[in-house]
Amino acid sequence: MAMDMDIKAIWDERRKLVEEHLKQELHRDAPLNETLCASMDYSLMAGGKRLRPILVMAAADAVGGQGTDFITTGVALEMIHTYSLIHDDLPAMDNDDTRRGKPTNHKVYGAGMATLAGDALLTMAFEVMLRQEGVDAATKLAVVREMSIAAGANGMVGGQAIDLESEGKHIPMELLKKMHMGKTGALFRAALRSGAILAGADEKQLQALTDYAEAFGLAFQITDDILDVTGDEAVIGKPVGSDERNDKSTYVTLTSLGEARKLAADAVEQGEKALAGFGPEADFLRGLLDFLVKREK
């Protein structure tokens, strides 16, 4: 429990830092179109866990850096994540009505403006990434490459394409894993690898954090699938049971609730093993695994 309290305290502190920097970056320049800016702000500043920028900072800490030095890169990654949520909620995709306890972007601004808001956030993310201070150009370029691959056809968008084609079908477990490695896992992998790269990780550290990222992403997605069945809509901020209504294959529907929980526990164990070579500087990442599977949203 003490570890959970520590994790929550650090998380809350860094989440506040992310919120401050998101607002700064979004409103750095006067907008060309006020409605577009309002639509971007609506989703970007709607709260949420801010998990991906927190992972960027945690990975930097784990390899001996000062994680908060790399908040700029973390903020950029949160912009990419928010763009993906806006697009994922669109009528042509999941057609969801609520996100983080509020009407989805297209319900407020229309599908066209919501699409443009997502486009603008994705584009802005790379501009912000290149403003990261304290690292040389080659390191920035390496991080931009990580993010580009993770967000694209061989990462998040590729996973979303599999998801779109899989609606109404019972897909095999291997394809489900492949889909989520792209749709959800790719940005976690990019967050952890980018934080490590920015802080000067060696190859062994980078590989260990990559292994951790794979386990973390799996545990996160399985827990997400479990919460879609067992969660409280008022707590998680989105409709419960949307996977079933959309006839989607999940770790719960392909196995069972009990088996899904076991798979999540196994993934946590693999994540802990990946961190075996790190000292106390990786304690936040260790605690995060347990915190993750016990979450309610």
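This is a predicted model: local features need pLDDT of at least 70, side-chain atom pairs count only at pLDDT 80 or more; totals for chains, interfaces and linings use all residues.
A cavity is a set of grid points where a 1.4 Å probe fits but cannot get out.

**The largest cavity**
- Rolling a probe the size of a water molecule over the atoms shows where empty space is left.
- The lining of the largest cavity is made of 13 residues, and S43, A46, D89, R99 and N105 are the ones nearest its centre.
- Helix α2 (34-44), helix α4 and strand β2 (102-103) each bring at least two residues to this lining.
- Of the contributors, α4 gives the most, with 3 residues.
- By class, the lining of the largest cavity has 5 nonpolar, 4 polar and 4 charged residues.

**The second largest cavity**
- The second largest cavity has a volume of about 40 Å³.
- Around this second space you can pick out D163, S166, E167, K169, I171, M179, K248 and S249.
- Its lining residues split into 2 nonpolar, 2 polar and 4 charged.

**The second largest pocket**
- The volume of the second largest pocket is about 470 Å³.
- A set of 24 residues lines this pocket, and M181, G185, A186, R189 and E214 lie nearest its centre.
- Five helices, namely α7 (137-151), α9 (173-183), α10 (185-198), α11 (203-230) and α15 (257-274), each supply at least two residues of the pocket lining.
- Helix α11 has the largest share of that lining, with 7 residues.
- Sorted by class, the pocket lining holds 10 nonpolar, 8 polar and 6 charged residues.

- H106 sits in helix α5 (residues 105-109), and because its relative accessibility is 9%, H106 counts as buried.
- The side chain of H106 comes to 3.5 Å from the backbone oxygen of D89, and D89 is also one of the residues nearest the centre of the largest cavity.
- Leaving aside residues up to four places away in sequence, H106 touches D89, L90, P91, N95, D96, A111 and A114.
- M79 belongs to helix α4 (residues 71-88), and it is buried because its relative accessible area is 0%, with the cut-off for buried being under 20%.
- Between M79 and L122 there are 6.3 Å in space, C-alpha to C-alpha, although the two are 43 residues apart in sequence.
- Again not counting residues up to four places away in sequence, M79 makes contact with L22, E25, L26, L44, L121, M124, A125 and V128.

**Two arginines with positive phi**
- Most residues other than glycine have a negative phi.
- R50 has a positive phi of about 55 degrees although it is not a glycine.
- You will find R50 in the loop between α2 and α3 (51-62), where R50 counts as buried because its relative accessible area is 1%.
- R100, also not a glycine, has a positive phi of about 55 degrees.
- R100 belongs to the loop between β1 (98-99) and β2.

Methods. Residues are numbered from 1 along each chain as its sequence is written. Side-chain values use heavy atoms; hydrogens and water are left out. Helices (H or I, at least four residues) and strands (E, at least two) are DSSP runs, numbered from the N terminus. Buried means under 20% relative accessible area, exposed over 50%, partly exposed in between (1.4 Å probe, protein chains only). A polar contact is a pair of N or O atoms within 3.5 Å; within protein, one must be able to donate a hydrogen and the other to accept it, and residues adjacent in sequence count only if both atoms are side-chain atoms. Contact means heavy atoms within 4.5 Å. On a 1 Å grid over the protein atoms alone, a cavity is a set of points where a 1.4 Å probe fits but cannot get out, and a pocket is an open set with protein on both sides within 12 Å along at least five of seven lines; lining residues have an atom within 4 Å of a point. Ala, Val, Leu, Ile, Met, Phe, Trp, Tyr, Cys and Pro count as nonpolar, Asp, Glu, Lys and Arg as charged, and the others, Gly among them, as polar. Grid points are joined across faces, edges and corners, and a volume is the space filled by probe spheres set on the points.
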